Amino acid sequence: MKNISLEINNLYKKYKKNVIFEDAAFSVTGGDCVALVGENGCGKSTLINIIAGITKYEKGDIQFVIDDEFIPLSKSWKYVSYVPQHNCLIDSLSAYDNLLFWYQGNKKKLEKDLKEGFVKELGIDQYINKKVSRMSGGMKKRVSIACALANDPKILLLDEANASLDIVCKLQIQKMLEKYANAGNIVIHSTHEEGDISVCNKVFYIADKKITRINATSLKDVFKDKL
C-alpha cells in the first residue's frame, strides 16, 4: 500500500474579476474520506477541477506525494480519477462496453473487478449488458464511478455524486466510497447530502474565499451560523 498525501497552500483563483479562492489551504492524506460543503457558487467544483488538473489557478503551491516522492500536477492524472456531475457515458453502448473503454480493453482486469473488490460493491452486474440510454440516473452514476476506478486511482474526486438519486443507490455509493478510503486511498466529493457528510472523517467548509476544516456530522452543524 502506498502512502499518499495532498496539500494545497496559498491558493489563489479568480474568474475575470470574481475571486474564488484567496490564500486558501487544504490538506488530506491516505485514508481520508472528505466532504466539501458550502453554498452554491462557493468554489466546491472549482477546487475539485483544480485538483483534477482541469482548471488552472493563478497562484498556489500544490504538493501531491506518494511514498515520499513528489508528483507534479502535470503527471498526477496517473493517480487521480474524476466523476463529474453530468453523465459522460456513451449512451449507445452498454455498461460493459463503456467500462471496457475505460479499462483500455483489458477484459481480464474488468472481469476480475466485476466479481470482487470495489466495482462489485456498486452492484452493476445486474444490468451490465444494458444500454446506457435505457438506464436510470442511479445506474448511470454507479457505472460512471466504476469507470473512474479502472486505473485504481489513489485520489477519487466526485462532484455531487449522490444528487437526485434514490436512497438505496445513495447508501450503496456511500458505503463503497467509505471502504475505498479505508483501503488507504483519498476520496474527495462535493456534496449537499446529509448521508455523505456522516460517512466522511473530514469535512471542509468553503466560504469567503477560504477552505476551512470543521467538525460536522450533519448539515445543521455545517450551516448553524446561517440558521
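**Exercise 1.** Which residues does His189 touch, not counting residues up to four places away in sequence?

*Solution.* The structure is a predicted model, in which local features need pLDDT of at least 70, side-chain atom pairs count only at pLDDT 80 or more, and totals for chains, interfaces and linings use all residues. Residues are numbered from 1 along each chain as its sequence is written, and side-chain values use heavy atoms, with hydrogens and water left out.

Step 1. Locate the residue: His189 lies in strand S8 (residues 186-190). Strands (E, at least two residues) and helices (H or I, at least four) are DSSP runs, numbered from the N terminus.

Step 2. Apply the contact criterion, heavy atoms within 4.5 Å. The residues that His189 touches are Cys33, Val34, Ala35, Leu36, Ile48, Leu158, Leu177, Asp196 and Cys200.

Step 3. Classify His189 by its relative accessible area, where buried means under 20%, exposed over 50% and partly exposed in between (1.4 Å probe, protein chains only). His189 has a value of 2% and is therefore buried.

**Exercise 2.** Determine how the rings of Phe64 and Tyr79 are arranged.

*Solution.* Step 1. Recall the criterion: rings of Phe, Tyr and Trp (its six-membered ring) pair if their centres lie within 6.5 Å; planes under 30 degrees apart count as stacked, over 60 as edge-to-face and the rest as tilted. The structure holds five aromatic pairs.

Step 1. The ring centres of Phe64 and Tyr79 are 6.0 Å apart and the planes stand at 70°, so this pair is edge-to-face.

Step 2. Compare with the accessibility cut-offs: Phe64, at 2%, counts as buried, whereas Tyr79, at 24%, is partly exposed.

**Exercise 3.** Carry out the analysis for Phe118 and Tyr180.

*Solution.* Step 1. The ring centres of Phe118 and Tyr180 are 4.7 Å apart with planes at 75°, so the pair is edge-to-face.

Step 1. The pair links distant parts of the chain: Phe118 sits in helix H4 (residues 117-121) and Tyr180 in helix H6 (residues 167-182), 62 residues apart.

Step 2. Phe118 has a relative accessible area of 26% and is therefore partly exposed; Tyr180 has 4% and is therefore buried.
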